[in-house]
Amino acid sequence: MLTSLSLAAVTLAGSNPEQVRIALQGADSQGNPTGMSIGWYTENEVSGVVKFGLSPSELQQNATGDSKQYYADHGYHHNAVLPNLKPNTKYYYQIEGDEIRSFKSAPTGTDETFSVSIIGDMGWLGSKERPMKIDGGGLKKNWSAVPTRVQLEKMLRNDEFDLVWHVGDIAYADDAFAHDVVGGLYEECYNGYVNWMQNITSTIPYMVSPGNHDSECHSPQCVADVTIGRQLGNFSAYNARWHMPAEASKGVANMWYSWNYGPIHFISINTETDFPGAAEQHRGDGKAFPAGSFGYDGEYLAWLEADLKAADEARKAGTGRKWIVAGGHRPQSEILKTKALFDKYNVDLYLSGHVHSYGRSYKTCKSPACHSVEKSNSTTTYVFCGGAGNDETGFESSGKIHPGPVAGEPVFTTPELSTGILQVVNSTSLVFKLISSLDGRVIDALWI
């Protein structure tokens with residue numbers, strides 16, 4: 001009897017949802033998101049039903065999710081899409097077996113003001129909570145993402161952002177072996193990160209782009225056991241856990257897609273695979289397993305040009321969004337073919353990570369009236385914002401200014417732990433602010 005009760009308790013616990021995350025989905029005739037995807041994890045394979053509605057006491061609509069297990073005996077990742085939502089409206093939802101949560105649906109107006117939290121290269125916890133067994137070769141003995149997580153929580157409570165965009169390198173699960181060489185801990189790290197961030201990911205749309213550290217597990221365990229390594233290769237964890245609006249934008253999985261929100265057309269680009277010279281064109285970041293080939297040859301760049309062209313033409317015709325903002329993992333120096341498309345189609349801002357610090361180019365300005373330091377021959381302003389804290393970033397707190405004569409090169413850099421805020425101030429003003437993870441002050445601001 002006791003054994004039966006114990007087994008029942010274990011089964012019930014294994015059915016409890018965790019790692020809840022949401023993302024924008026769908027598109028109306030103007031490209032505005034019309035739904036929200038709800039993702040979660042359970043240890044056991046269970047049916048996934050999400051109730052939702054306009055009141056926590058009246059969850060009268062249901063959405064049924066699907067599930068996927070990409071790593072045998074390591075749980076199931078579920079996803080359900082809540083469709084046809086009223087715009088700019090607070091909704092309540094409840095995954096079967098979980099508490100009631102809420103989110104706000106996307107607006108349809110092109111003059112909406114809002115803010116996006118920009119995160120790059122963020123790991124789980126720090127070396128105090130997860131001591132390093134290996135350091136060197138890029139790995140740091142003393143590091144932490146905790147100040148960033150604490151600062152994000154403060155900003156969340158103050159309603160300082162409406163979306164999150166993580167531009168690659170999520171959790172650093174591929175570095176988890178540095179904390180346990182024998183065990184590897186790839187899945188434990190990724191699970192830990194999403195649970196750690198769940199207070200944000202379950203209430204604010206958490207949009208993601210692929211980074212090199214999202215490509216594969218290359219721990220000794222994964223390399224020694226090809227069966228494990230292949231299951232954790234070619235962005236499998238990244239594409240199973242997150243659910244971006246690729247279908248609505250004719251993109252592919254979470255590798256490339258776009259969406260509209262207020263006066264901005266956002267484009268999440270692929271800096272890792274599916275174009276000539278891509279760093280993970282044939283093998284993952286650790287070169288342990290095959291990678292890439294998410295589309296047919298040339299598909300990604302053709303999609304990107306078509307998306308940029310449509311957004312630019314609609315803007316010029318007065319029917320599109322005022323700003324075009326692209327984001328991806330690697331900085332402009334590593335995506336030169338893409339950079340040419342940015343110039344061709346007048347992309348206003350490109351946000352990236354990969355570099356574990358912050359830097360930005362000159363403010364874009366072609367008018368003769370501009371101050372000389374603002375002049376640029378490029379239509380695009382470039383920002384890299386990869387200093388959230390991870391296993392490969394030590395503690396730094398100094399800022400410095402580097403004047404640079406070439407547009408696209410950083411003219412201001414700082415290694416301080418930080419994240420960004422992209423804010424639509426009004427119908428004519430867009431500002432990017434770098435926020436210190438240590439004390440919340442604005443380190444740098446760039447008006448566009």
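The legends below describe close-up views of a predicted model.

Local features are given where pLDDT is at least 70, and side-chain atom pairs count only at pLDDT 80 or more, while totals for chains, interfaces and linings use all residues. Residues are numbered from 1 along each chain as its sequence is written, and side-chain values use heavy atoms, with hydrogens and water left out.

**View 1. The seven-stranded open sheet.** The strand order is β1-β2-β5-β4-β3-β6-β7, with antiparallel pairing. Strands are DSSP runs of E with at least two residues, helices are DSSP runs of H or I with at least four residues, and both are numbered from the N terminus. Two strands count as paired if DSSP finds at least two bridges between them. The edges are β1 and β7 (100–104), each of which pairs on one side only. Ignoring direction, neighbouring strands of this sheet are turned by 25° against each other on average; axes are lines fitted to C-alpha atoms, for helices over the stretch in contact, and angles run from 0 to 180 degrees between N-to-C directions. Within the sheet, β2 and β5 (residues 76–82) run antiparallel and are joined by seven bridges. Met36 has Leu82 in β5 as its bridge partner.

**View 2. The largest cavity.** There is one cavity of 30 Å³ or more. A cavity is a set of points on a 1 Å grid over the protein atoms alone where a 1.4 Å probe fits but cannot get out, and lining residues have an atom within 4 Å of a point. The largest cavity holds about 40 Å³ of space, a volume being the space filled by probe spheres set on the grid points, which are joined across faces, edges and corners. Its lining consists of Arg21, Ile22, Ala23, Ser37, Gly39, Asn79, Tyr206, Arg241, Trp242, His243 and Met244. At least two lining residues come from each of β1 (18–25) and β2 (35–42), and β1 gives the most, with three. Five of the lining residues are nonpolar, four polar and two charged. In this scheme Ala, Val, Leu, Ile, Met, Phe, Trp, Tyr, Cys and Pro are nonpolar, Asp, Glu, Lys and Arg are charged, and the others, Gly among them, are polar.

**View 3. The six-stranded open sheet.** Mixed pairing is found here, in the order β12-β10-β8-β21-β22-β23. The edge strands β12 (206–208) and β23 (442–447) each pair on one side only. From one strand to the next, the twist averages 20°. In general, strands of a sheet pair through backbone hydrogen bonds, either parallel or antiparallel. The parallel case is shown by β10 (residues 163–166) and β12, joined by three bridges; Trp165 stands opposite Met207 in β12.

**View 4. Antiparallel pairs around β21.** Four bridges link β8 and β21 in the antiparallel sense, and Ser117 has Ile421 in β21 as its bridge partner. Between β21 and β22 there are eight bridges, also antiparallel. Ile421 is partnered there by Lys433 in β22. These two strands form a hairpin with two residues between them.

**View 5. Helices on the sheets.** Helix α2 (residues 146–157) lies across β8 (115–119), β21 (418–426) and β22 (429–436), at about 25° to β21. Contact here means heavy atoms within 4.5 Å. Helix α3 (residues 186–201) packs on the six-stranded sheet, touching β8, β10 and β12, and its direction makes about 125° with that of β12. Helix α3 also lies across β1, β2, β5 and β7, running at about 65° to β1.

Key. On a 1 Å grid over the protein atoms alone, a cavity is a set of points where a 1.4 Å probe fits but cannot get out, and a pocket is an open set with protein on both sides within 12 Å along at least five of seven lines; lining residues have an atom within 4 Å of a point.
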